[in-house]
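Here's a friendly walk through a protein chain for anyone meeting it for the first time. Take a look at the sequence and the 3D view, then read on.

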Amino acid sequence: MMMKLLSGDNPRSKMLSVVLLLILFGLMFAPFLFPGTRSLDTAARICIFIMLVASYDLLLGYTGVVSFAHTMFFGIGAYGTALALVNMGASYSAIVLGTVCGALVAGVFAFVIALFSLRVKAIFFAMMTLAVASAFLVLISQLSGITGGEDGLSYRIPREMTPAFKLVKEKVLGVRLNGKLITYYVVFFSSLCLFLVLLRMVNSPFGRVLQAIRENAFRAEAIGYKVVRYRSVATILSAVMAALAGSLMAIWLRYTGPATTLSMDIMVDILLMVVIGGMGSMYGAVIGAVLFLLTQSYLQNLLGILQESLGSLPVVSDVVSPERWLLWLGILFICSIYWFPKGVVGRLRGT
């Protein structure tokens, strides 16, 4: 049953299996294991970014296509849901309509980009996607009457998904069962289902063709596969999945703006997560997203504790200052590349 659920994609490592199970149960019971607003927000972001990174790995790790427009598709999904909630009010129909429209628009954009760009060499396609994503970011920032510009959009979601809604008056295991908890589990189970769909894709005959194209596009073309067609479909599917992840982010934050969905910083973060976890593996997206977001969220706190404990050493305490957390994040990334050249998943699998 479990192997069927995983589409036959066995982790192929006891250690990796244990780590993945710990992550699954940690996220499933995060509200009860790690009570608090910040920890719940971190867990929800991890769920969303696992989905986002996995959808990008479909493009980069399985197809060998480098794209810098992934955050554009992520933003299209988020803005689709946000605009629907702003104009239709806090209703479930607005969420569904906005999510569907966002995914469709992202798919159309991906089709157009693939149609005109995938026939060129990889570096030119990457530059084309970077230009399109930058232009889209400027467009969203300028259309302040529709998108809110740099300030973004704030909106309400259905009351049953807000902290004001209480399932029961008493706490359960020290946690209030309110609408925020419902929203978290909507994000968690939606991300889990979409991840399993992606896992099925890459382990299907379609996924095997994508891997063949990644290894040798000329040979795949020679034996009869339409390389451009397969790459185009992969680009569209990746964009749709990214848009769905964007919709989940819009629902969770109740705010959508360029900084939270379209920023190139997010694109860089996605690339780092793919590299850290390991390209060409959906499980790499899980490991990479968890490690990166936990480090990003709590590294400053850890450095603050170190600085307090090393207060008597002026130079050392200054080096471990929480303000230098980006420096330490960069050092940790370099170390991860050195020790795990094929990603954490590649090392755990012994490949």
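Helices here are DSSP runs of H or I with at least four residues, strands are runs of E with at least two, and both are numbered from the N terminus. Bear in mind that this is a predicted model, where local features need pLDDT of at least 70, side-chain atom pairs count only at pLDDT 80 or more, and totals for chains, interfaces and linings use all residues. Residues are numbered from 1 along each chain as its sequence is written, and side-chain values use heavy atoms, leaving out hydrogens and water.

The UniProt record (an unreviewed entry) lists "transmembrane region" at residues 15-34, 68-87, 94-116, 122-140, 181-202, 233-255, 267-294 and 325-341. UniProt positions follow the numbering used here, feature names are shortened, and annotations may be inferred rather than shown by experiment. Another of those spans, residues 94-116, is 100% helix and 0% strand, and its end C-alpha atoms lie 33 Å apart.

Now for helix H17, residues 325-339. Which residues of H17 are buried? They are Trp-325, Leu-329 and Ser-336. These residues cover an arc of only 45 degrees around the axis, which means that they sit on the same side of H17. (The arc is that of the directions from the helix axis to the C-beta atoms.) On the other side of H17, Ile-334 and Tyr-338 are exposed. Buried means under 20% relative accessible area, exposed means over 50%, and partly exposed is in between, using a 1.4 Å probe and protein chains only. The buried residues of H17 pack against helix H14 (264-277) and helix H15 (282-309).

Helix H10 (residues 205-215) has buried residues too: Phe-206, Gly-207, Val-209, Leu-210, Gln-211 and Ile-213. Their cover includes H4, helix H9 (179-202), helix H11 (217-222) and H12.

What about the largest nonpolar core? It has 101 residues, of which Leu-27, Phe-73, Tyr-184 and Met-282 touch the most other members. Helix H4 (residues 37-60) gives the largest share of this core, 16 residues. A nonpolar core is a set of buried Ala, Val, Leu, Ile, Met, Phe, Trp, Tyr and Cys residues joined through side-chain atoms within 4.5 Å. Setting aside residues up to four places away in sequence, Tyr-184 touches Leu-27, Ala-30, Pro-31, Leu-40, Ala-43, Ala-44, Cys-47 and Trp-252. Contact here means heavy atoms within 4.5 Å.

Next, a few single residues and how accessible they are.

| Residue | Relative accessibility | Class |
|---|---|---|
| Thr-261 | 1% | buried |
| Ser-247 | 2% | buried |
| Phe-165 | 21% | partly exposed |
| Arg-254 | 30% | partly exposed |

Thr-261 belongs to helix H13 (residues 258-261). Beyond its neighbours within four places in sequence, Thr-261 is in contact with Thr-71, Phe-74, Gly-75, Ala-78, Tyr-79, Thr-256 and Ile-266. The side chain of Thr-261 also reaches the backbone oxygen of Gly-257 at 2.9 Å.

Ser-247 is part of helix H12 (residues 227-253). Again leaving aside neighbours within four places, Ser-247 is in contact with Gly-77, Ala-78, Thr-81 and Thr-99.

Arg-254 is in the loop between H12 and strand S2 (255-256). Although Arg-254 is not a glycine, it has a positive phi of about 60 degrees.

Finally, Phe-165 is found in the loop between strand S1 (153-154) and H9. Where does Arg-347 lie relative to Phe-165? The two are 182 residues apart in sequence and 45 Å apart in space, C-alpha to C-alpha.

Terms used:
Polar contact = N/O pair within 3.5 Å; in protein donor to acceptor, adjacent residues only side chain to side chain.
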